[in-house]
Amino acid sequence: MSLTERDFAPLAEVAVRLGVNLQPGQRLWVNSPVAHAALVRAVARAAYEAGARDVKADFHDELLGKIRLEMAPEAGLAEFPQWIADGLETEAKGGTAFLSVLGSDPELLSSVPPARVAMSMKAAQQAMVNYRPYLLSHRAAWSIIAAPAPAWAKKVFPDTPEDQAMDLLWQAIQRASRVDGPDPIAAWHAHIANLQARVAWLNGLSIRQLHYQGPGTDLTVGLPPTHQWVASGQRRSVGYATSPNIPTEEVFTLPLRTGVQGTVQSTMPLSHSGQLIDGIALTFKDGRIVSYSASTGQDALGQVIETDDGSRYLGEVALVPVDSPIAQSGILYYNTLFDENASCHLAIGAAYPNTLTDGAEVASDQDLLEKGGNVSMTHVDFMVGSQDLSIDAETAAGKTVAIFRKGRWATQPA
Ligand code: ZN
Ligand code: ZN
């Protein structure tokens with residue numbers, strides 16, 4: 001199967017109109033594996049139709065990246081061209097929107113020592129210190145979409161011939177991304193309205209802390225007094241609504257940096273920068289991860305947690321029921337863009353300032369820390385949802401409210 005520009009048109013349309021919500025006269029910068037050039041061409045067409053001033057793509061070849069990680073001397077791995085990071089910052093400052101295309105082998109880098117992968121990632125993260133806040137604060141519009149790739153399809157459907165596996169993965173991506181029906185834009189508007197109703201209900205509760213209980217999990221997560229729940233289709237600091245992830249099923253906020261206590265057990269594997277991590281167990285004291293283990297990818301997990309001081313704390317609390325369409329498909333994607341939308345999840349690392357009602361006041365790391373949020377170069381989601389998960393909320397008024405029972409919402413919003 002070879003997918004064409006025409007096949008990708010509905011996904012491209014949703015990415016442009018709702019994902020980055022491209023404004024007339026705006027520039028679009030697309031980051032993509034070179035294997036997905038047909039999708040990027042479809043995106044460019046949709047963008048110009050929406051009035052784009054210019055569309056540029058930054059293509060990369062993942063196998064070339066792998067050769068570098070295997071063979072480059074450490075001196076080279078520890079460097080990232082500053083002009084690239086500065087260029088992105090200039091584009092963000094100038095109002096450019098950013099779209100990333102995902103879709104690669106979830107185990108691309110399984111043979112590369114995790115320390116070498118981490119060294120390269122850290123160099124990039126350090127170089128992007130002035131660009132990243134535009135993304136975290138949503139002062140720049142951005143979104144992420146995915147296209148199928150053969151090695152990814154074989155990982156998801158291991159017993160199926162490659163061609164058929166690609167077909168199945170593409171169908172699953174389209175369904176999850178809500179672009180398989182006759183009017184994807186209308187489907188997205190209805191979906192956003194549902195998510196926003198849930199957001200309004202949660203914000204009305206004034207939750208002080210959440211208590212998670214499940215197999216291997218007994219975790220209390222405090223929330224800052226000015227936290228707010230957010231979801232797709234929300235108006236952002238950039239001045240208009242965006243949908244940063246396609247697909248998305250989550251409503252999320254930030255934890256109080258020093259308010260997490262107890263133990264949590266992950267419920268799904270996760271592919272982080274081409275390496276598989278599974279069976280994560282974390283123990284927290286006053287927000288800090290005091291012990292961690294993984295049944296697979298212990299070294300890769302260690303590299304994440306030891307990125308910087310902030311990677312010892314959590315930055316995101318997201319709620320997704322086990323009856324979400326992506327969860328019900330029963331497919332394990334080995335790609336966080338999909339798997340995090342099939343499961344309640346938490347993220348190690350940076351918090352998003354827009355998860356605070358006073359997030360617009362956050363101009364520095366110090367500001368975010370003072371409001372109870374976490375700061376880090378990294379942000380790695382891991383899944384904690386299952387049929388056995390219960391979550392209770394304790395409200396500011398001291399009431400206990402059932403949020404999740406058996407992995408599903410315990411109450412429907414009015
Ligand atoms: Zn999330
Ligand atoms: Zn996240």
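1. Basis. The model is predicted, so local features need pLDDT of at least 70 and side-chain atom pairs count only at pLDDT 80 or more, while totals for chains, interfaces and linings use all residues. Residues are numbered from 1 along each chain as its sequence is written, chains are lettered from A and ligands numbered from 1 in the order in which they are written, and side-chain values use heavy atoms, with hydrogens and water left out.

2. The sheet. Strands β9, β15, β16 and β17 form an open sheet of 4 strands in that order, with antiparallel pairing. Because β9 (251-253) and β17 (379-383) are at the edges with a single partner strand each, one side of each has no neighbour in the sheet. Neighbouring strands are turned against each other by 20° on average, direction ignored. Strands here are DSSP runs of E with at least two residues, helices are runs of H or I with at least four residues, and both are numbered from the N terminus. Strands count as paired if DSSP finds at least two bridges between them. Axes are lines fitted to C-alpha atoms, for helices over the stretch in contact, and angles run from 0 to 180 degrees between N-to-C directions.

3. The β16–β17 pairing. Strand β16 (residues 345-349) is joined to β17 by 5 bridges, and the two run antiparallel. G349 is placed opposite H379 of β17.

4. Q234. This residue belongs to strand β7 (residues 234-235). Q234 has a relative accessible area of 16% and is therefore buried; the terms are buried under 20% relative accessible area, exposed over 50% and partly exposed in between, with a 1.4 Å probe and protein chains only. Its side chain reaches the backbone nitrogen of A231 at 3.0 Å. Apart from neighbours within four places in sequence, Q234 contacts Q196, W229, Y240, A241 and T242, where contact means heavy atoms within 4.5 Å.

5. Aromatic pairs. Rings of Phe, Tyr and Trp (its six-membered ring) pair if their centres lie within 6.5 Å; planes under 30 degrees apart are stacked, over 60 edge-to-face and the rest tilted. By this rule there are 7 aromatic pairs. Among them, Y333 and F338 are stacked, at 4.6 Å centre to centre and 20° between the planes. Both Y333 and F338 are buried. F404 and W409 form a tilted pair, with 4.8 Å between centres and 55° between planes, and both are buried. One aromatic cluster consists of W152, Y333 and F338.

6. Charges over rings. The criterion is NZ of Lys or CZ of Arg within 6 Å of the ring centre and within 35 degrees of the ring normal. The charged end of R198 sits over the ring of W409, 3.8 Å from its centre. For R257 the ring is that of Y313, with the charged end 3.9 Å from the centre.

7. Cis peptide. I246 and P247 are joined by a cis peptide bond, with omega about 10°. P247 lies in the loop between β8 (241-242) and β9.

8. H138 has phi of about 60° although it is not a glycine, and is found in the loop between α7 (132-136) and β4 (142-146). K406 has a positive phi near 50° and lies in the loop between β19 (400-405) and β20 (408-409). H138 is buried at 3% relative accessibility, whereas K406 is exposed, with a relative accessible area of 62%.

Notes:
Polar contact = N/O pair within 3.5 Å; in protein donor to acceptor, adjacent residues only side chain to side chain.
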